[in-house]
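Subject: Structure for your review

Dear colleague,

Please find below the structure that I am handing over to you. My notes on what was found in it follow directly after.

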Amino acid sequence: MSNILTVLIFFPLIAAILGLFVSQKSIRVYGITVAAAEFLLSLWLWMSFDTNEAGMQFVEKLKLIPEFGISYYLGVDGISLFIVIMATLMTLIGIIALSVKENLKNMIITLLFLEVAMVGVFVSLDVILFYVFWEFSLVPMLYIIGAWGGDKRLYASIKFFIYTFAGSLVMLVGILYVAYAYYSTTGVWSFSLTDWYGLILPFSVQKYLFWAFFLGFAIKVPMVPFHTWLPYAHGQAPTVGSVILAAVLLKMGSYGFVRFSLPLFPDASVAYITPVVIIAIIMIIYTAMVAYAQKDMKQVIAYSSISHMGIIVLGTFAMNVEGIAGSVFQMLSHGIVSGALFLLVGAIYDRRHTKLLSEFGGIAKVMPNYATIFVIMTMASVGLPLTIGFIGEYLSLLGFFKVSPLLTVIAGTSIILGAVYMLSVVKKTFFGPLTNPENEKLKDLSTKELTALIPLVAIVVWLGIYPKPVLGPINNSTKALVQLMHKKSITPKAQEIILVSKDKGVNK
Amino acid sequence: MTDLTTQYLILSAILFSIGLAGVLRRKNLLMLFFATEIMLNATNVAFAAISVHLGDLSGQMFALFIIAVAASEVAVGLGLLILIYKKYGTLDLDNLSIMKG
Amino acid sequence: MEAIAFYIFAILITGLFLVTVFSRNILYSMSSLAAGMVLISGLFFIIRADFLGAVQLVVYSGAIMALYAFGMMFFDATRDVKEKNTSKYLVFLLSGFSAVALVVIFSAPAIGKHIEVEPIAKGLGHLDNVHAIGAVLFTKYLIPFEVAAVMLLVAMIAGIVLASKRMDESLSEVYVGTDPETEKKEQK
Amino acid sequence: MESYVYIALFAPLVSSLFAALFAQKPKVQLVGIATSILIGAALVASVILLLDIEETGKAVSVNLMDWIVVGDLDTKFGFTVDQVTVIMMTVVTLISTVVHVYSNYYMESDKSFNRFFSYLSAFVFSMMILVMSDNFLGLFIGWEGVGVCSWLLIGFWYHKKDETRDVNPSISPSWAANEAFIMNRIADLGMLVGIFLIYWNLGTLKYTEVFAHIGDLSHAMLVGIGIALFIGAMGKSAQFPLHTWLADAMEGPTPVSALIHAATMVTAGVYLVIRANPLYSQIPEVGYGIAVLGTFVAIFAASMALVNRDLKRVIAYSTLSQLGYMFAAAGLGAYWVALFHLAAHAAFKALLFIGAGNVMHAMHDELDMFKMGGLKKVMGWTFLYMGIGSLALSGIYPFAGFFSKDTILEVAFNEHTYGIWFVLWLTAGLTAFYSFRQVFLVFFGDERYHEIGAHPHEAKPYALWAMAPLAIAAVTVGFFKEDFVEFVTKFLPEYEMSEHTEHMVVILTIITTLVALTGIVVAYLKYAKGLKRDLEFEQNNKIYKLLYNQYYIPVIYDRVFAKPYKELSDIAWKEIDMQVVDASVDGIAKFVEKSGDASRKAQNGNLSSYLNWMAAGLVFITVIAAIAVAVQ
Amino acid sequence: MIQLPDFSSLNLITMSPMFVILLGALTILCIDLVKPNLDKTLYVVLTMLTLFIALGVTLSLNINERGLFDTILIDGVSVLGQTLIIAGSMLFIPLALTKRRFHDFSYPEFFSLFLFMVFGFQFMAASDNLILIFVGLETGSLALYTLIAMHNTKLAHEAAIKYFTMGAMAAGFFTMGAAIIYATTGSVEMYAIAKVLQDRMGEAGILIPIIGGALFMIVAIGFKVSLIPFHMWTPDTYEGASAPMAGYMSIVPKVAMMVVAIRLFGIYMELNIDIIKITIIVLAIITTTLANMMALVQKDVKRMLAYSSISHAGFVLVAIALDTTKGYSSIFLYYGLFMFTNLGAFTMLWISRHKYNVHHDRFHHPYSKFAGMIKIAPISAVIMAVFMLSLAGVPPFSLFWGKLYVLSAIVDSGYYGVAIIMALNSAIAVYYYLKLIVYMFLKEPDESRKNVVYANRAFSLELVIGIAAFVTITSIFYIEPLMSFITDLVGASGY
């Protein structure tokens, strides 16, 4: 089945349109069925994925605007495969755990549209196609936050939309420039990424393009100081919105770094490691502190997301296989873990209609299952070995250590600060005496919530112990990526920093 | 025959500016339209002078069509003025500012 | 001789148009406009643009002024017009600027030079102005002429439609308040 | 033999998961029994392995599966059981078994009985990974795993509320748990840095490969790695300045203190240094630094133990102090000595803690020794056990501590580091004093417990029986010293005393024993006849207050780190994030909107001004053109 | 005697589209004379037919031909321009068939004036003779003023008089600009102007009249395509005119003037006069930015769309200053796509036209009118949202491709700063489009005013919206043929 990617993209779209005819009563079942089918499709993709092959697979290319080099060009490699699977999984889980009552039908149809955009972003190999999905993903999210959000939902949703939109427009200018550069070199227009990979740009050009792309991705990630839309978006979004936002939408930015910034502008990426990483470190430490200061449970998770995304950026700019593969893995782990944490916060919010930490305390007693899962996710979030959170964080830091030990040590404080805010949340929420009488009657997780959460717990543990099925393909593709960067790089500094293979050690 | 083209053009420039000044300062719509006629006439002078100077008839043709346009504008303009007068009871354009912002 | 005539005309026209623009009385304003236009046609005659002069005289002084006079009577505007002029300086500044700019442009050395012009139509050399114009108008400028005819038709229809009685009552007018139909439906 | 490795490793995991099945159910006695048996199985497996290695002298290695394979990094779940490991395994499983059995008694009326056993077995599993792993990353798994289990167990009674430091110096179990976790994380960062350095310089994390090539590295790099790894060790072994969590960790149930915070987890740091002996022997200056720090901690902790009234805290400080001894030995290059003291200390310290547990049970969780006294009558067995433990701790012949601690003093003497020797010697005296101060305060003198209305009772027999192995070990371990040396030096470097020291041994032993006896005697004189409190002294003596308040270090940490961090975080959020970053984003939006509002005013509806604008537009574009000319 | 050219060289076929339109207009007039009081549907259909034939004729023209004494130039640009003008008109005309009766559409004259207007605009697009352009411009404009006034509301009159007066002034500027150009080159035909200027470029002081003429022309063109600060009529006129007329005004006259601008400024670009280039770009940037800012603070959707169309005009204008085939082509692509989307949006307003300002004293289409539309009229709301997103340039809707091509053309020419400013402007713009979406989707409806949204609903309106929505959504499938069609035509014209 060579056109599985097309099916993967358009199945939810068709399902969403057909969903209009399903009655409100049975829409939940419909949504779960469709999302599950989509998830199974993505699993099938994985099954038929050749794990030894580093390049793009299931490639489909259909010319859309040949004159201008725009095509319908899809493919996955080890880097994108798992993000796609995560996107479908988190959509499924989001729909299972849906606690929205109003306009459920609209919600599910919107989620399916969002799924189209999410899958599309990660499997597009044509840059314009990528951009189309990238921008389009804003629309359903806008609706989700705006229609089912909290009190300041309008402000939050508009801020989210415009902020990311502005960044990506600058990126669009960069994209057009690269296309023009490609045109002037080869005489043909092309927006296909694989073509662009062969394009060697002079450093003087790369540096501007790097920042143009950087702005687009940095806002999406979001990197400090472009991050302030995220707490609002998370704070106001309904649970499912937060889950998908944190798990998948933020990954678009970090995925962009890996897919675009590094291979297209290897020299500029190397040259700007220091400023980017300093931003990443500020992001890690500063947002960890801000997270610690939060009074709202969800805001803590929101800011912690930013902090973790800092680690991802750090790993990406390590310019070696360890770091980049680590950051890709960390994207998955952060997706799963923060998604689960948002689900958990959502569960308590559904019960109490508040997320303020001061309202809680001692609820481990009344909600033991809830507390257990929360603690497991907390531990994964702080990067405990044998949970999914460790591997990515460890590899990212390890990779970047090669570039700058000092900066890595500073960034490494995330393992301390992360523990500080997460444990403080756990303590404030679950520990201590049960003082608030409203909490006494809280019900533990329902079957619905458990159905959503237990798979995530299983993944957290499974990939923490045996990451090889996922890490293997990521490793292969990352190796190919680093080799490409090394081959393409023109400045001596980049030649030195981009590390295809270790030059020291026992196994050389 | 002394060549007065430049003087004609400068006259045209001055007349155009007088017309412009009228357009800018008049508040009575009817009188404002007078000023626009002056502007069009000023260009006529310029066109005619250049045309004669160059021995080319295009300029005079242009002037001719400008006159035709001016005539049509008067017709439409007056029609509009009548409408406005019926609705607003005045030709003072200071009163025509419902729409703003 | 021509120069003297030009300067006299020029000064007179400028003066008259100044009156047109600055007079408070619509009657003075209109009369001076008419006089100025007549004098402009004189200018055209001076430079041997006879046909243009004639058209100017007929169309402007005749037709346009008649129309305006008609309009003026309609509005009963024999009284002094009260105008609240906002900023004199701004007006003078802007029109002064355009005067200066135009003078600079027109007195630029490049303007006065003779340009070899491709004739619009061949064999006009021996004709006088009116004949030449006629020849050009019905060959080269046939289409603009026809379009101008349509334009005049448009202007005529426009004038008729806009000034007609049918415009007194409007089908489209928007009123402030609640739609009575809506209320009726709600009451039901 | 591999199957025994697996049994030793996975029996605790199975045990933990089994208990977890019942985690939310009310007490199921089967859980306690089954977990004890499973841990016992691990003990048996460990002992079999011990005997096997004793016999063959060969390490047993297994490779379970790949873990992280990325780039050139190839980490496997690999386990190797060599001499050092098997000693650690035996110690860990032995004490775990005892603690599991004992916990059946100690936790019998706790609602979360099943949960407790799940955590406890999980801890054992983590500890087994820690000691059995054949690479640094595996070690790190265990390292963090024990940290989490420790966090869970310290905070086991999570429902207690936060108190002020005056009421409860540890604030609350959950607070103490977090403190322990976070402090350990600080150290773990150092550990990670060490691992990174090793990886990028040697390309592998496997012990055998790393230590085989350790000589290839520059000295500076070795120093870096050594320091980084030791920072990791400092956290887990609660060395100064990361020591405060250990005393606070006493908020956990007492069996936990016995198992984790005395016998096993806290010794992980020592284990790491011993394990990395090829590294540390290359960098004696770092080793010396470790020894000095260890020595300092030994006396520093002992001094705090002198005045504390909290039964468990005293033992905790003594643990700290003994860990200092171990580091002193390891730092000076006497790795087997350190390991020996580790093993011996594990036995008698666990014994002491469990004894303290009995006392606590008897006293209804009252920990203030000033409120006890005269318990000897009702708790004879406990008294006996704690007496043995205290004697062992004080280093009185023939108890275990005598052999292990004396050797450390000898090593210090032998290395000509007389300062270290002297401090350690002095500490030995202090140790004896505070251990027996405790014994006398609890078991002798007037029965002050009547004042708080307690009705003390002896522990159940099976609990007492469970303690017996530890007591036996505390008494007898010393006699196996020679066998031990022979066994471990097959793996660890031997440590030869110089001839001079050999001569001095007897004198040194006597001096040390004397100072210990002096300590015991002083304690007897002061406390055995009943408590005579000098309240004025307690309130006004600065040194007493300093020691009693742990040198004010927790308060200082609070003021210097915790509070400013909290305040800084608040500033970061409220002042910077909201007022600067977000406000500037909104400011841009507002600016755009304000500009829109301002330019909208030009659109005033007046036709005349529109015309003016249009004429002004001509001026405007002329200006643009003029500027363009000027620019060109 | 004058030598008359032989009849075949007149190439009468070149003006056949205009002729068709003229014939249609006169037919309508005659029918009205013969038999008055016929229903408007007849006229609508007749107009539609006329436009349909004209469109066919236009598309069948051979390009790069001159006719009628070289006053008419049929090149690719003029075909494109005429196609857009006629297509825009075809989209407009069905909007006359509304549920409610309106004053303007009750006149047969309306339809003939409408066709006369199209006729005038066609000449603007199809000539490079300044005289014919001017006459065509005035014919179209005068008809347009009348059409606006015929809506016959107080605001419509105000709108018409404002537009008319400013138009008269702009006509003065146009003629003065033409006079300057004529004085410089001795010709009113652009190909000759270009030739003469080419020859005279080296002369001392020649730049002053060239730039002077260009500046006056910019004022006149800027007025018609509504560039800031010549835009002042735009919001008021759009607000006062009927919604479809406003939508029409935002496209057809602008396209006609854009063609003129392309022809005229093309000359300067050819001469590489950077000053004019820079002036145009700066003007475009100011137009886009300020218009966006002002649109941001509007309370009325129609006014917002007016400002938005100003900003779109500014955006497109940059492409003129690039002087590349791609740039010029992208202008037509942009307007082609903009036509459907924007007319669709205005039609949406038209559907909700009713007799009473129920939500606001002055504004007929305040944002609050559309509050909660998703609950009242979900499909309409979704379509309107699609139009808004398309206007905002969110892919995959049509205007994204327009924006992509324009930006790409800007980038190709090396104006990166301009490209980024324009890109960021879209981010400002997205706010006010989103505002409407927010009102429609995220606010609660005003229950008592429900029926207002559909007040003027009729099949033909829905049809237009349907076509517009279809074109907007499916853009990705036709961009390629459309763009190559446009590029071929533009390229063939030598731009």
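**Helix packing in chain A**

In α1(A), the residues A:Ile4, A:Val7, A:Leu8, A:Phe11, A:Pro12, A:Ala15 and A:Gly19 make contact with α2(A), where their counterparts are A:Ile27, A:Tyr30, A:Val34, A:Glu38, A:Leu41, A:Ser42, A:Trp44 and A:Leu45. Sorted by class, the residues of this contact between α1(A) and α2(A) are twelve nonpolar, two polar and one charged. Please bear in mind that the model is predicted.

The two helices span residues 4–19 (α1) and 27–47 (α2) of chain A, and they pack with their axes 10 Å apart at an angle of about 175°. The angle is over 145 degrees, and α1(A) is therefore roughly antiparallel to α2(A).

Chain D contains 25 helices and two strands. Its C-alpha atoms occupy a box of roughly 110 × 65 × 55 Å along the principal axes. Chain D has 632 residues, of which 59% count as buried. When contacts in chain D between residues at least 6 apart in sequence are considered, 81% of them link residues at least 24 apart.

Strands β1 (residues 60–70) and β2 (residues 73–81) of chain D pair in the antiparallel sense, with seven bridges between them.

**Where chain D meets chain A**

The contact between these chains draws on 47 residues of chain D and 54 residues of chain A. On the side of chain D that touches chain A, at least two residues each come from β1, α5 (136–154), α6 (173–202) and α24 (553–602) of chain D. Helix α6(D) makes the largest contribution to that side, with 15 residues. The side of chain D that touches chain A comprises 24 nonpolar, twelve polar and eleven charged residues.

Chain A has no contact with chain B, and the closest C-alpha atoms of the two lie 24 Å apart. Chains A and C do not touch either, their nearest C-alpha atoms being 27 Å apart.

**Where chain C meets chain B**

Eight pairs of chains touch, and the pair with the most contacts is that of chains B and C. Chain C brings 71 residues to this contact and chain B brings 63 residues. On the side of chain C that touches chain B, the elements giving two or more residues are α1 (2–22), α2 (26–46), α3 (50–75), α4 (88–106), α6 (129–137) and α7 (142–163) of chain C. The largest share of that side belongs to α3(C), with 13 residues. By class, the side of chain C that touches chain B has 54 nonpolar, twelve polar and five charged residues.

**Confidence in chain C**

The mean pLDDT of chain C is 79, and 77% of its residues score at least 70. Which element of chain C has the lowest mean pLDDT, and which the highest? The lowest, 54, belongs to helix α8 (residues 180–187) of chain C, and the highest, 89, to α7(C). Where pLDDT is low, the predicted coordinates should not be read in detail.

With kind regards

Note on methods: Residues numbered from 1 in each chain as written. Chains lettered and ligands numbered in written order. Predicted model: local features only at pLDDT ≥ 70, side-chain atom pairs only at ≥ 80, totals over all residues. Pairing = 2+ DSSP bridges. Helix = DSSP H or I, 4+ residues; strand = E, 2+ residues; numbered from the N terminus. Contact = placed C-beta atoms within 7 Å. Nonpolar A, V, L, I, M, F, W, Y, C, P; charged D, E, K, R; others polar. pLDDT = per-residue confidence, 0-100. Axes fitted to C-alpha atoms, helices over the stretch in contact; angles between N-to-C directions. Parallel < 35°, antiparallel > 145°, perpendicular 65-115°, else oblique. Buried ≥ 20, exposed ≤ 12 C-beta atoms within 10 Å, placed from the backbone.
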